[in-house]
Amino acid sequence: MDTTPPVRQVQGGTMALHVLDEANRCLGCKKPLCQQGCPIHTNIPEVIRLLKDNHLDDAGRMLFENNPLTTVCSLVCNHENQCEGHCIRNRMPSHDPVHFSIIEDYISTTYANKMTSGPAPKNGMKAAVVGSGPAGLTVAVLLARWGYDVTIFDARDKIGGVMRYGIPNYRLPDSVLDDFQYRHLELKGIHVRPNTAIGKTITIDDLFRDGYKSVFIGAGLWKANAMHIKGETLGNVAFGIDYLANSKAFQLGDDIAVIGVGNSAMDCARTAIRNGARHVTCYARRDEECISASEHEVRYAKLEGVGFRFCKAPVEIRENGIICRDTVKGEDGKFTQVEGSETFYPHTGVIVSVSQGSENSLVKTTTGIETNQRGLLTVNEDGSTTREGVFAGGDAVMGARTVVEAVAIAKKVAASMDAYMKALPADNTPDPYAGIPVFSTPPSDVLAKQGI
């Protein structure tokens, strides 16, 4: 078995020079708007200052202490609307912000390869994390830093949740998450139980029975929402969340319709192009103003050949295409379908990427946890659910959000869990099996003499 730790690929000299040139463009504002635009308020000016002063390790340490998923966020954050979108240089004639994304990627990637320290001293308390998406991983890392014995339970075989199974590899390589697992989970003594869906064989009640003092639910949204139109069960149809999880498993032909214009829809469209589709077209019920995907992703989709059809409401899917009805915008801003405007658009396959919902098996098997009308968990401001000791965050609470937003919420919830567990009375329950005989395995030489 190869025990060599994974190594993230570090940018070479040319890229390093480019990063330093980009860092030198920072004006070091006294009131940094970039930091205000970051959901987790990364101290961007100080990170850049440390890099420019040749203190790369200090800059990397600052990034990871503030955001355990900094290597991920540097690649997938919506920088154009956050740190870079708030940069003061946008107000200059050149409208050319400091691209902190490449600076963060360089620093975090370089520093990550130096992170080898072991787990923190244990405080004697166990915490469970359900789901290894961005919220779950953040909570797990922070609690482990503070001395808790943490176990992550995930329904899939690898960690990452939506980051691994919902974001295409060309945007977020698996190697980034593999490296995270080694350096932030394995080296820190965090246990991972893959292929273990809480709410089925194992329940929340079982976790408390086995000594976990607190449970965090960050299970994410893995249930695709259907449009409930005729044809969604056909063999040439895929739901977006399923397609992104394993796009190679689907045979949708070379002319694909993607229903939806959010970020997931853009990921589906661009992945289909990479899988050999010659024509990909995105359909939207409303006009171009309704696009919820980032401008960055839309521009790349168009650059790669993805087409768009607006004001088209799908009413039926067929084995050779889709039937859409035109929609018009009323004075109230709402879009209504135009009767008699049905048009058939030929396609070999269809990807439905409208939204995702939450699985409810966990809630059904747990007493005392309430949900809202959308099936999302009901929580207080500190992230606590309606059942004592159970906390939640991420998509399971807010609905679909970005990675960095999940990290921001998870940091607050982790602090609440820490305060809750520290306030619990000491567990003085005696071990009923203390003092029982311990079976001793014979030494290997004895086994050899016995012919075993």
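**Exercise 1. Asp53**

Task: Decide whether Asp53 is buried, partly exposed or exposed, and find the side chain that its own side chain contacts.

Solution. 
- Step 1. Take the accessibility of Asp53, which is 37% in relative terms.
- Step 2. Apply the cut-offs: buried is under 20% relative accessible area, exposed is over 50%, and partly exposed lies in between (1.4 Å probe, protein chains only). Asp53 is therefore partly exposed.
- Step 3. Asp53 sits in the loop between H3 and H4. Helices (H or I, at least four residues) and strands (E, at least two) are DSSP runs, numbered from the N terminus.
- Step 4. Look for a partner. The side chain of Asp53 makes a polar contact with that of Arg49, at 2.8 Å. Such a contact is a pair of N or O atoms within 3.5 Å; within protein, one must be able to donate a hydrogen and the other to accept it, and residues adjacent in sequence count only if both atoms are side-chain atoms.

A note on the model: it is predicted, local features need pLDDT of at least 70, side-chain atom pairs count only at pLDDT 80 or more, and totals for chains, interfaces and linings use all residues. Residues are numbered from 1 along each chain as its sequence is written, and side-chain values use heavy atoms, with hydrogens and water left out.

**Exercise 2. Ser101**

Task: Locate Ser101 and list its contacts beyond its neighbours within four places in sequence.

Solution. 
- Step 1. Ser101 belongs to helix H6, residues 100–112.
- Step 2. Its relative accessibility is 14%, so Ser101 counts as buried.
- Step 3. Beyond those neighbours, Ser101 is in contact (heavy atoms within 4.5 Å) with Ser74, His79 and Glu84.
- Step 4. With Glu84, the link is a polar contact between the two side chains, at 2.8 Å.

**Exercise 3. Helix H4**

Task: Which residues of helix H4 are buried, and what covers them?

Solution. 
- Step 1. H4 covers residues 56–66. Its buried residues are Leu56, Ala59, Gly60, Leu63, Phe64 and Asn66.
- Step 2. Their cover includes H3, H5, H6, H7, H9 and H16.
- Step 3. Of its 452 residues, 48% count as buried. The chain has 17 helices and 16 strands.

**Exercise 4. The nonpolar cores**

Task: Which residues touch the most other members of the largest nonpolar core, and which element supplies the largest share of it?

Solution. 
- Step 1. A nonpolar core is a set of buried Ala, Val, Leu, Ile, Met, Phe, Trp, Tyr and Cys residues joined through side-chain atoms within 4.5 Å.
- Step 2. The largest core holds 43 residues, and Val72 and Val403 touch the most other members.
- Step 3. Several elements each give at least two residues, among them strand S1 (126–130), strand S2 (149–153) and helix H5 (70–76). H16 gives the largest share, 11 residues.
- Step 4. Zoom in on Val72. Beyond its neighbours within four places in sequence, Val72 is in contact with Met163, Leu172, Val176, Leu177 and Val403.
- Step 5. There is also a second, separate core of 24 residues, including Ala238, Ile291, Val298 and Ala301.

**Exercise 5. Strand S2 and its partners**

Task: Which way do S1 and S2 run, and what is the handedness of the crossover between them?

Solution. 
- Step 1. S1 and S2 run parallel and are joined by 5 bridges. Two strands pair if DSSP finds at least two bridges between them.
- Step 2. From S1 the chain passes through H7 to S2, a right-handed β-α-β crossover. With the strands pointing away from the viewer, the path from the first strand over the helix to the second then runs clockwise.
- Step 3. S2 also runs parallel to strand S3 (residues 191–193), with 3 bridges. Here Ile152 has Val192 as its bridge partner.
- Step 4. Of the 5 residues in S2, 4 are buried.

**Exercise 6. Cysteines**

Solution. 
- Step 1. The count is 0. A disulfide needs a pair of cysteine sulfur atoms within 2.5 Å.
- Step 2. The closest cysteine sulfur to that of Cys29 belongs to Cys26, 6.5 Å away, which is too far for a bond.
- Step 3. Cys282 is in no disulfide either: the nearest cysteine sulfur, in Cys268, is 8.6 Å away.
- Step 4. Compare accessibility. Cys29 is partly exposed at 29%, whereas Cys282 is buried at 0%.
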